Amino acid sequence: MSHKISTAPCTVADNIGTIRDKISATTMAYQRQTGTVRPVTLVAVSKRQPDDRIEAALTAGQRVFGENRVQEANSRWAHRREFYKNLKLHLIGPLQTNKVSDAVTLFDVIEVVDRPKLAKALGVEMTRQNRQLECYIQVNTGEEQQKSGIAPDDADDFIVYCRDEVKLKITGLMCIPPVDEEVSMHFALLKTIAKRNSILTLSMGMSGDFEEAIAFGANSVRIGSAIFGQREG
Ligand SMILES: *Cc1c(COP(=O)(O)O)cnc(C)c1O
C-alpha cells in the first residue's frame, strides 16, 4: 500500500469543472486581445491513474484523453471504446516503431511524430489499416538531448516530408518545454513554426502552465494531475 495523497473520484468532476472555467476565461481574453476565435480542446491525461478516477471523468462528460504508453493505454481504453463511441484518444508519449501497429489501431491522434523512420512506419500502417489518423509533429523546442521531438531548425523540412512524401495528415504541432526554463519563448517558437507551415492545432500547456499556453495561442492543452491528482508509480 502506498500512502500518497489521493484524489477522491468525486473531486475529479470538480477539477474538470474548474479547469474548463479557467480555459473559457483565458480563451475569451485571448479572443478579445487578438480577435481570433480559438476553441480549446482539453486533453485529460489519464496515464497511471486508477480506474475510479477515469470513470469519474467519463461520467463528468470528458471524452478526450491522453496517454503516453501504447500498452497501458490499450488495457485502459480498448474495452471502453464499445461503451463510449465518441472517445478521442491522443498518444502523447514517445512511440517506438514496433508499437506503431497497436498505436494506429487504438489512437485517434498521434501527437509525437518526430523522425522520418516513425513517420514512414505510421504512413505504411495507416494505409494497411485504412485509418488516416490526425498527426502532430513534436518539436523539441528546448533542443534537449534526452527529449523526443524534431529540432526547431529541421521542423519545416520534416513537415514537408511528412505531408508530401509520407502523406500523413499533419494537423498540429506539440511541444514539452524544458522544466527549468521560462515557458513563453517555447510556446512562441511553436506558434511561429505552426504559422509558417499553416498548421492550425497547437498542443502546448500542462497542469502548471496551460493558461499561459492559451495566452500564447494553444488550442489543445494536456492536463493530468490538476484533474486526477497525483499519479501512481
Ligand atoms: C504526463 C504528461 C502531461 C500531463 O502532465 P500534468 O503536469 O500532470 O498535467 C502532459 N503532456 C505530456 C506529454 C505528458 O507526458
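Visitor: Among contacts between residues at least 6 apart in sequence, what percentage join residues at least 24 apart?
Guide: The figure is 62% for this protein. Please keep in mind that the model is predicted.

Visitor: How many helices and strands does the protein have?
Guide: The protein has 9 helices and 8 strands. Its radius of gyration is 17 Å, close to the 17 Å that the globule rule gives for 233 residues, so the protein is as compact as a globular protein of that length.

Visitor: And what box do the C-alpha atoms fill?
Guide: Taken along the principal axes, the box is roughly 45 × 45 × 35 Å.

Visitor: What percentage of the residues count as buried?
Guide: Of the 233 residues, 50% count as buried.

Visitor: Let us change topic. How many aromatic pairs are there?
Guide: A search of the whole structure finds 3 aromatic pairs. One of them joins Phe 65 and Trp 77. This pair is tilted, with 4.4 Å from centre to centre and 35° between the planes.

Visitor: Where in the chain do Phe 65 and Trp 77 lie?
Guide: Phe 65 belongs to strand 2 (residues 64-67), whereas Trp 77 belongs to helix 3 (residues 70-77). The two residues are 12 apart, and their pair links distant parts of the chain.

Visitor: Is Phe 65 buried or exposed? And why?
Guide: Phe 65 counts as buried because its relative accessibility is 0%. Trp 77 is also buried, with a relative accessible area of 0%.

Visitor: Which other pair can you show me?
Guide: Phe 158 and Tyr 161 form a stacked pair, with 6.4 Å between the centres and 20° between the planes. Both residues lie in helix 6 (residues 155-165), where they are 3 residues apart, about one turn of the helix.

Visitor: Why does Tyr 161 count as partly exposed?
Guide: Its relative accessibility is 23%, so Tyr 161 counts as partly exposed; the cut-off for buried is under 20% relative accessible area. Phe 158, at 4% relative accessibility, therefore counts as buried.

Visitor: Back to Trp 77, then. What sits over its ring?
Guide: The charged end of Arg 80 does, 5.7 Å from the centre of the Trp 77 ring.

Notes. Residues are numbered from 1 along each chain as its sequence is written. This is a predicted model: local features need pLDDT of at least 70, side-chain atom pairs count only at pLDDT 80 or more; totals for chains, interfaces and linings use all residues. Side-chain values use heavy atoms; hydrogens and water are left out. Rings of Phe, Tyr and Trp (its six-membered ring) pair if their centres lie within 6.5 Å; planes under 30 degrees apart count as stacked, over 60 as edge-to-face and the rest as tilted. Helices (H or I, at least four residues) and strands (E, at least two) are DSSP runs, numbered from the N terminus. Buried means under 20% relative accessible area, exposed over 50%, partly exposed in between (1.4 Å probe, protein chains only). A charge sits over a ring if NZ of Lys or CZ of Arg is within 6 Å of the ring centre and within 35 degrees of the ring normal. The radius of gyration is taken over C-alpha atoms; the globule rule is 2.2 Å times the number of residues to the power 0.38. Contact means heavy atoms within 4.5 Å.
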